[in-house]
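Subject: Structure handover

Hello,

Here is the structure we talked about. Please keep it open while you read; my notes follow below.

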Amino acid sequence: DGTIVIIKSTILPNTTKELQKSFPNIKIVFSPEFLQEKTAKHDTYFPERNIIGVPIKNEEYFKIAKKIIRILPKSNVELITDSTSAECVKYIANAFLLTKTVYMNIAYDAVIALGGQWDDVIVGVTSDSRIGSSHTRIYDNKGRGAGGNCLIKDFEAFISYLDQKIKLRDIATLSAIKYMNIDLLLSSQKDMAILESIYGSSLTSFIDTTHSN
């Protein structure tokens, strides 16, 4: 009783609030992690942002959040918000990075079909400070598409959750992005073990769907 619990895993929106209701004798807050697999140690000590989400917006929880912020390595961005918003930050960020990767693959195919020089195009595009160079590599880990242990599963979890919980006008657009990314991964045989761990036996239907369109 009275313990402060900080969740640092990626969890679906409203999970912290549900857990707090189930365990009223402890204080639960959520702090999304933003570690990249290749630079996890550096990212831990030099975070771009520290975010604390509280399930109950009152003075007691804000004091807890401020205490946690003081413990964490300093960051230029320190945000205390409600836990649902903090949970959404991680999913929306990862969904954007997957979408950016898929779009760059579409752009690559278009440039090659038009007879352009992709290496020159991408330099011109990424020189725009609003765009940047992250998640613009077409061939990565010997394949194409957004892979790794985070982006695929988080995108699938987020859009599945949205589809169940709310009526989102553009859920079909998000689904199309998902199928495009799966097609890129399958076509280049990239991260097949990760795909199978997420979709299991249904992966066969994705292969049929993506290659029939």
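How many helices and strands does the chain have? The chain has 9 helices and 4 strands. Helices (H or I, at least four residues) and strands (E, at least two) are DSSP runs, numbered from the N terminus.

Two notes on the source. Residues are numbered from 1 along each chain as its sequence is written, and side-chain values use heavy atoms, with hydrogens and water left out. This is a predicted model, where local features need pLDDT of at least 70 and side-chain atom pairs count only at pLDDT 80 or more, while totals for chains, interfaces and linings use all residues.

Overall picture

Along the sequence, the pattern reads β-α-β-α-β-α-β-α-α-α-α-α-α. The C-alpha trace spans about 65 × 40 × 30 Å along its principal axes. The chain has 213 residues, and 40% of them count as buried. Buried means under 20% relative accessible area, exposed over 50%, and partly exposed in between (1.4 Å probe, protein chains only). Take the contacts (heavy atoms within 4.5 Å) with a separation of 6 or more: residues 24 or more positions apart account for 65% of them.

Strand E4 covers residues 77–82 and holds aspartate 82. Is aspartate 82 buried or exposed? Aspartate 82 is buried, yet has no salt bridge. A salt bridge needs a side-chain nitrogen of Lys or Arg within 4 Å of a carboxyl oxygen of Asp or Glu. The nearest side chain of opposite charge, lysine 17, is 4.4 Å away. For charge, Lys and Arg count as positive and Asp and Glu as negative; His and the chain ends are not counted. Leaving out neighbours within four places in sequence, aspartate 82 contacts Lys17, Gly53, Val54 and Lys57.

Threonine 81 is also in E4. Threonine 81 counts as buried because its relative accessibility is 17%. With residues up to four places away left out, threonine 81 touches Ile51, Ile52, Gly53, Val54 and Ala86.

Helix H4 runs over residues 83–114. Its 32 residues should span 46 Å at 1.5 Å a residue. That expected span is 1.5 Å times one less than the number of residues. The end C-alpha atoms are 47 Å apart, which agrees. Glycine 115 follows H4 and has a positive phi, near 85°.

Asparagine 14 has a phi near 80°, positive in a residue other than glycine. It sits in the loop between strand E1 (4–7) and helix H1 (15–22). Its relative accessibility is 28%, so asparagine 14 is partly exposed.

Aspartate 191 is not a glycine, but has a positive phi of about 50°. Its loop joins helix H7 (171–188) and helix H8 (192–199). Aspartate 191 is partly exposed at 23%.

Cysteines

How many disulfides are there? The count is 0, with a disulfide taken as a pair of cysteine sulfur atoms within 2.5 Å. Cysteine 88 is in none; the nearest cysteine sulfur, that of cysteine 150, is 17 Å away. Cysteine 88 is partly exposed at 21%. Cysteine 150 is partly exposed too, at 26%.

Lysine 153

Lysine 153 lies in helix H6 (residues 148–165). At 36% relative accessibility, it is partly exposed. Its side chain makes a polar contact with the side chain of aspartate 154 (2.6 Å). A polar contact is a pair of N or O atoms within 3.5 Å; within protein, one must be able to donate a hydrogen and the other to accept it, and residues adjacent in sequence count only if both atoms are side-chain atoms.

Best wishes
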